[in-house]
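Open the model in your viewer and keep the selection tool at hand. The tour moves from one selection to the next.

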Amino acid sequence: MTTEATRPDPFMTGDRRHRRIAYRATFARPFDHEDTDLIEGLYRDPEGEAIGKAILEQRRHEAPQAFLVIHEEEIPLVHVEARLDDDPRVGSYDQVFALLYGSDETPGRGVRETGEKWDDGELVAFAFESDEEALEAQA
């Protein structure tokens, strides 16, 4: 029986580094504190089912203007994109490639210097425009 303490994190692999497709979305309107799913770190479909993890953009002294969605692997990309298309909060979105790290890990220099950092306190994602850029950053 898998317990909460031993259950593997779905966003990490055995070596705790995992390259994933993610979506960087910008808000169509100012961030609202009623966006509770995003504040809680989840992105949900209209029925309330979790699509994946959401990491709000960290801006010093300003409200976030964007968020990163790292979808659950079993959810098809077309479902994630359809939700983003239909979400009135989303002004635009781009597919990116994210390298995932635990907050206690230090990524390699190439990752830190070239990736766009998204941090929720537990998971740190570095976003890249292409899979090739992500692979080169890890080298």
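**Stop 1: the main core**

This is a predicted model. Begin inside, with the largest nonpolar core, a group of 15 residues. Select Leu38, Tyr43, Phe67, Val80 and Leu84, which have the most contacts within this core. Now colour the elements that each give two or more residues to the core: strand S1 (18-27), strand S3 (50-56), strand S4 (66-71) and helix H2 (77-86). In soluble globular proteins, nonpolar side chains tend to be buried together.

Zoom in on Phe67. Which residues does phenylalanine 67 touch, not counting those up to four places away in sequence? They include Tyr23, Phe27, Leu38, Tyr43, Ile55 and Trp118. Arg24 and Glu57 are also among the residues that Phe67 touches.

Another core lies apart from the largest one. It has 12 residues, and Ala22, Val96, Leu100 and Ala127 are among them.

**Stop 2: tyrosine 93**

Select strand S5, residues 90-102, and find tyrosine 93 in it. Is tyrosine 93 buried or partly exposed? Its relative accessibility is 23%, so tyrosine 93 counts as partly exposed; the cut-off for buried is under 20%.

Show the neighbours of Tyr93. Leaving out residues up to four places away in sequence, tyrosine 93 touches Tyr23, Arg24, Ala25, Glu81, Leu84 and Asp85. Look at aspartate 85: a polar contact of 2.9 Å joins its side chain to that of tyrosine 93. Next, draw a line from the C-alpha of Tyr93 to the C-alpha of Phe27. The two atoms are 9.1 Å apart, while the residues are separated by 66 residues along the chain.

**Stop 3: a hairpin**

Select residues 116-119, strand S6, and residues 123-128, strand S7. The two strands run antiparallel and are joined by 4 bridges. Tryptophan 118 stands opposite alanine 125 of S7. The hairpin has 3 residues between its strands, and there glycine 121 takes a positive phi near 95°.

**Stop 4: the whole chain**

Zoom out. The chain has 4 helices and 7 strands. Trace them from the N terminus: β-α-β-β-β-α-β-α-β-β-α. Of the 139 residues, 41% are buried. The chain exposes about 8,200 Å², and carbon and sulfur atoms supply 46% of that area.

**Last stop: confidence**

Colour by pLDDT. The chain average is 87, and 88% of the residues score at least 70. Over residues 1-8 the pLDDT is below 50, and this stretch has 1 contact beyond near neighbours in sequence. Residues 12-16 are also below 50, with 11 such contacts in the model. Where pLDDT is low, the predicted coordinates should not be read in detail.

Note on methods. Residues numbered from 1 in each chain as written. Predicted model: local features only at pLDDT ≥ 70, side-chain atom pairs only at ≥ 80, totals over all residues. Heavy atoms only, no water. pLDDT = per-residue confidence, 0-100. Contact = heavy atoms within 4.5 Å. Core = buried A, V, L, I, M, F, W, Y, C linked by side-chain atoms within 4.5 Å. Buried < 20%, exposed > 50% of the residue type's maximum accessible area, 1.4 Å probe, protein only. Pairing = 2+ DSSP bridges. Polar contact = N/O pair within 3.5 Å; in protein donor to acceptor, adjacent residues only side chain to side chain. Areas by Shrake-Rupley, 256 points an atom, 1.4 Å probe, with all protein chains shown as cover.
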